Amino acid sequence: MAMRAALRCLSANFSLRLPQLSQVSATRLQWRSGSPRTLSTSSVLSAALKFTDKHEWVQVEGGVGIVGISNYAQEALGDVVYCGLPEVGQRLEQMDEFGALESVKAASELYSPLTGEVTEINTELAENPGLVNKDCYAKGWIIKMTIEKPEELDGLMDQAAYDKFVTSLE
Amino acid sequence: MRGGQPLVEVVRLGLVSYQEALRLQQVYVNRHRSGPAHALLLCEHPPVYTTGIRHKPYPEPLLDQLRLLGADVARANRGGLITFHGPGQLVCYPVLNLCSFKKSVRWYVDQLEQTVIALCSRFAIRATTSPHTGVWVGDNKICAIGIHCGRYITSHGLALNCCTDLSWFDHIVPCGIEGKGVTSLSAELRRHASVEEVVPHLLHAFTQQFNCQLTEAAQDGGESLTPVTSAGTSALTNLKDN
């Protein structure tokens, strides 16, 4: 509510200084205030991806963390031909190695973004390891795990911070 | 560091068992914990067949058959399928921190392939890449590549056939690729090319491809060494005369 009022003030200022542009800016501002992103409810936040500096992502869904690797990571790896995954029930500390992906004759480790227990592994990857490349944020998910220490999520990067991090690497 | 080029220490291990080389690689991997400490391990192995993280295609009975041939058998945490290492094959294990180069495994493997292709061209051999990782002369693989990368630190590496007894490869499907063969520098050149002769060329190609500087393991305070230039030229002159 307060945000809408603030935005109206802004658009009013624009109309004083830049009569031609005011229409456009006002429309843009109003679109922004209506979009789900600015509403910031907790349900929206919990579905958001968090990232590690090792390019793994974790998404919380129903108290369980789904883990995969980012687009940047899958591009840097090349075509994945094999996924070495942990056992269901395996307990992982944050940053523990939990598996490996093989591509172009290179085996690269996967590191746990959180502390918890593996509840599910993506068995699709046995037959179709390329899912990690083709659909790294959805069908190419790697493991699901419990979240023993939710505060660890706060230490991970959100989308914006991760995008900035990736830019700094290039 | 002159010109911002990473410094890589060349470590010549000579003939060492595969297990010993694994142990030494781990030592060099661990060195990276206290800052960049790139190393290039060079060695030859007594006959050994090795498998990578995809080891399920190779059950124990099959591996026992290979042991009966007089070879060792070992499992490694590298990528790639089954391969053979033996005398006459130059094995090179770069233990690099990719943070000082480029943080991409795909790029790193490409660079290794290009290094070997450049080396082959110094011997007037036309080598290429293919959809299968490694370096090929036509349908025959002259150099196998299989690496591991953890926290941007690389291990394992490449195996270039100089004067390897290629019959060892008859007992496996090398790297799991059916219908292709193997070759060596000696086979392609139709003359004996020893590991000793090839090493300087590999080092030169490596510095060019990775844009780095090499230093020999410190005998006199780790003095920087520019290897190969004179040795490489004279070897090439010999080749031209052949």
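Visitor: What is B:L119 in contact with, leaving aside its neighbours within four places in sequence?

Guide: In this predicted model, B:L119 is in contact with B:L160, B:L185, B:V198, B:H201, B:L202 and B:A205. Contact requires heavy atoms within 4.5 Å.

Visitor: Which residues have the most contacts inside the largest nonpolar core?

Guide: B:L119 is one of them, and the others are A:L101, B:L90, B:L160, B:L185 and B:F210. This core has 67 residues. Its largest share, 9 residues, comes from helix α3 (residues 105–122) of chain B. A second, separate core of 19 residues includes B:L24, B:L41, B:A76 and B:V95.

Visitor: Which residues of α5(B) are called buried?

Guide: Buried means under 20% relative accessible area. Among the residues of α5(B) that pass are B:V198, B:H201, B:L202, B:A205 and B:F210.

Visitor: How do you know what span to expected of helix α5 of chain B, and what does the helix reach?

Guide: The expected span is 1.5 Å times one less than the number of residues. Helix α5 (residues 195–210) of chain B has 16 residues, for which 22 Å is expected. From its first C-alpha to its last it reaches 21 Å, which is close to that value. After α5(B) comes B:N211, with a positive phi near 50°.

Visitor: Why is A:K105 called buried?

Guide: The cut-off is under 20% relative accessible area. A:K105 has 10%, so this residue counts as buried. A:K105 sits in the loop between β6 (97–103) and β7 (106–111) of chain A. Residues of chain B that A:K105 touches include B:G79, B:G80, B:T133, B:K141 and B:C175. An unreviewed UniProt entry places the feature "modified residue: N6-lipoyllysine" at A:K105.

Visitor: What makes β3 and β4 of chain B a pair?

Guide: Two strands pair if there are at least two bridges between them. Strand β3 (residues 48–51) of chain B and β4(B) have 4 bridges, in the parallel sense, so they pair. Within this pairing, B:V48 stands opposite B:D72 in β4(B).

Visitor: Why do β4 and β5 of chain B stand at the edges of their sheet?

Guide: The open sheet has 3 strands in the order β4-β3-β5 (chain B), with mixed pairing. β4 (72–75) and β5 (83–85) of chain B each have a single partner strand, so one side of each is left without a neighbour in the sheet. From one strand to the next, the twist averages 30°.

Visitor: Which helix lies across β3, β4 and β5 of chain B?

Guide: Helix α1 (residues 18–31) of chain B does, running at about 30° to β4(B).

Conventions:
Residues numbered from 1 in each chain as written. Chains lettered and ligands numbered in written order. Predicted model: local features only at pLDDT ≥ 70, side-chain atom pairs only at ≥ 80, totals over all residues. Heavy atoms only, no water. Helix = DSSP H or I, 4+ residues; strand = E, 2+ residues; numbered from the N terminus. Buried < 20%, exposed > 50% of the residue type's maximum accessible area, 1.4 Å probe, protein only. Axes fitted to C-alpha atoms, helices over the stretch in contact; angles between N-to-C directions. Core = buried A, V, L, I, M, F, W, Y, C linked by side-chain atoms within 4.5 Å. UniProt positions renumbered as here; feature names shortened; annotations may be inferred.
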